[in-house]
Amino acid sequence: MNIRSSSRHLALEALPERTASVDVSFDDARVWSIDVRQFGASVELDWPETLQPYLVGSTRISVRDSTDGTLLGEREVSFSADPQRTSVTNTDGTPLVLNKWGRLGVALDAMSVDVQSLIVERSSTLVAQLRELGLRPFVVGGTLLGAVRDGKLLPHDDDADIAYLSVHTNPADVALEAFRVGRALADLGYELQRHSATHMQLLFRGSNGRIIHYIDVFAAFFSADGLINQPFHVRGAMRQEQMLPFGEVHIGSAVFPAPADVDRWLTINYDANWRTPIPGFVLDTPPETSRRFDGWFGSFNFQREFWDAFYGTAATRGASGASPEEDREDAEQEWAAGREWLRSTADAFEAPTLVDLGCGSGILSRQLARDRAERRVLGMDYSVEALERARESSQDERTDYEHVNLYRARSLAFAAEYGVEAPFDVVANHLLEQIGHHGRSYAWRIMRMALHSGGRAAFAFHARPSTNVTFTDPTGWHLETAQLVAEASQFGLEVEFQELAQPVAPETGPIKLAVVNGTRPVSRALRAGRMPIGALVRLAPRTRAATPAVHSPGGRS
């Protein structure tokens, strides 16, 4: 087999017949697995966007059959003139692999034997704890697949997957039960990140505080139409007797419950070829299934992986020689004009608490705290990595950083949860254009709460897109003023706009920033003509007369 490669493309020529999946490695470290069943004898692909910032220096590209490890071809290539060997690793030097979601992460086969044993041990403990909660847990996804195929964890996977079979058939009851399960797991001491009402992720950290692995917990249930459901992906025809009573599968010496008919479950989850190892397999959830699950259970995770990676850290340096931290700071300069305008605007804000909504690494929060000694500043974000960076950088006891997820109704309870007493002010720097409309609706509500409490609200945003705007990079997104006016009016609000000074000098022309952070490198172009706009928010005249003095948020979702 012949291999051709550049910094943009990879071509594999003369693939052997009946090859289902291939592993692509740099100097024997696997970085990408490709499902090649849809191709013929030749494959030509762009390097994935998340890998491209790492394509610096030289490496030996080798391609192996994923099924049996047979070497199909190898070639020494140079992506750039830099003398270094190409490396795709995290802070600890652990190899990163492109996963089925197109993101870089640590695969199980790159983890130590001790960590893999710990995952199995923790999964077994979790199954026992779910049983003690009166639930019916069983293994699913890659964990079930690895156990059935080889009696061990699936080497190309990056987590463990456990579901519980609910007794409910109504999605509302399933969701309520799942929230109760999440609270019970949190009470047991687990760090929980919720992706939807029925999809929880338990995070496990090492001694350095960094996440070393996670376990997904899903709710599964039979709906009234007789189909089995396990959001976010599984929905298909399955009889009760094909699920219960549970059978058993083994991972090493550990025994786990499994569907009675594992063939049927794995066929619904993957396809009829589930026995053939295809590490590059991509889950293709039918649109009607996604719409149904999103409508039933919500989606609380939109673009969170992007921001976790944007604010994360990596052990690599790009071709410019800049560290990831330096690159991130450069990238944040695009938001500097908004920060300065919000600081000057907040000088007139008099509430005892100021909320920095979407605080990121906390630059604006710290500046606002320094500007007025008697004011408490509360920075809030949904990115774990952003909040960690903010807390690491904070030396001010008047600045707090707390988690809030604007895709959840629970975000409206932040005041009661974090001790915010009325009145309070709100600022948001480049938040509104970089979140989806579901999250933005809760941002509007929080600003309205501030105004009702006697405080004020202001935000900065881009009214024009980046020159290379893409769906995968929200830093290039924008909102038009007319859209914001229309949205604000739905919440009884008005906005007043002010065009801000451009932080990038016009004579410099386009500036290319490459941010390599954590497991999600970001590449974007900035152009001098992309001016930010500041917006002051006020209550619309028709609602001002009826405004109560204080608005106290309610309970949890």
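A residue counts as buried when its relative accessible area is under 20%. Keep that cut-off at hand for this tour of a predicted model.

**Stop 1: Asp 157**

Select Asp 157, in the loop between helix H2 (141–150) and strand S11 (160–165). Is Asp 157 buried or exposed? Its relative accessibility is 6%, so Asp 157 is buried. Now show what surrounds this residue: leaving aside neighbours within four places in sequence, Asp 157 is in contact with Lys 100, Ala 107, Leu 108, Gly 142 and Thr 143. Asp 157 and Pro 279 are 122 residues apart in sequence, yet their C-alpha atoms are 8.1 Å apart in space.

**Stop 2: the seven-stranded sheet**

Next, colour the strands of an open sheet. Seven of them line up in the order S21-S20-S19-S22-S23-S27-S24, with mixed pairing. At the edges you will find strand S21 (399–403) and strand S24 (493–499), each of which pairs on one side only. On average, neighbouring strands are turned by 20 degrees against each other, direction ignored.

Zoom in on strand S22 (residues 424–429) and strand S23 (residues 457–462), which pair in the parallel sense over four bridges. Here Val 426 stands opposite Ala 457 in S23.

Then bring in two helices that pack on the sheet. Helix H9 (residues 336–346) touches strand S19 (353–357), S22, S23, S24 and strand S27 (532–539), and the direction of H9 makes about 165 degrees with that of S23. Helix H14 (residues 481–490) touches S23, S24 and S27, and its direction makes about 155 degrees with that of S24.

**Stop 3: the nonpolar cores**

Select Leu 357 now. Leaving aside neighbours within four places in sequence, its contacts include Met 380, Val 404, Leu 406, Val 426, Ala 443 and Ile 446. Which residues touch the most other members of the largest nonpolar core? Leu 357 is one of them, along with Trp 265, Phe 414, Leu 432, Trp 444 and Phe 459, in a core of 102 residues. Helix H13 (residues 437–453) gives the most to this core, with eight residues. For a second, separate core of 25 residues, look for Val 22, Ile 61, Val 63 and Val 88, which are among its members.

**Stop 4: helix H10 and the largest cavity**

Move on to helix H10 (363–371). Its buried residues are Leu 364, Ser 365, Arg 366, Gln 367, Leu 368 and Ala 369. Their cover includes H9, S19, S20, helix H11 (384–393), S21 and S22.

Rolling a probe the size of a water molecule over the atoms shows where empty space is left. There are two cavities of 30 Å³ or more, and the largest cavity holds about 390 Å³ of space. To find it, select Tyr 311, Gly 358, Cys 359, Gly 360 and Asp 381, which lie nearest its centre among 26 lining residues. The elements giving two or more residues to this lining are S19, H10 and strand S20 (376–381).

**Stop 5: the second largest pocket**

Finish at the second largest pocket, with about 700 Å³ of space. Of its 28 lining residues, Leu 192, Gln 193, His 403, Arg 408 and Arg 410 lie nearest its centre. Which element gives the largest share of the lining? That is H3, with five residues. Helix H3 (171–187), strand S12 (191–196), strand S13 (199–205), H11 and helix H12 (414–417) each give two or more residues to this lining.

How values were computed:
Residues are numbered from 1 along each chain as its sequence is written. This is a predicted model: local features need pLDDT of at least 70, side-chain atom pairs count only at pLDDT 80 or more; totals for chains, interfaces and linings use all residues. Side-chain values use heavy atoms; hydrogens and water are left out. A nonpolar core is a set of buried Ala, Val, Leu, Ile, Met, Phe, Trp, Tyr and Cys residues joined through side-chain atoms within 4.5 Å. Buried means under 20% relative accessible area, exposed over 50%, partly exposed in between (1.4 Å probe, protein chains only). Contact means heavy atoms within 4.5 Å. Two strands pair if DSSP finds at least two bridges between them. Axes are lines fitted to C-alpha atoms, for helices over the stretch in contact, and angles run from 0 to 180 degrees between N-to-C directions. On a 1 Å grid over the protein atoms alone, a cavity is a set of points where a 1.4 Å probe fits but cannot get out, and a pocket is an open set with protein on both sides within 12 Å along at least five of seven lines; lining residues have an atom within 4 Å of a point. Grid points are joined across faces, edges and corners, and a volume is the space filled by probe spheres set on the points.
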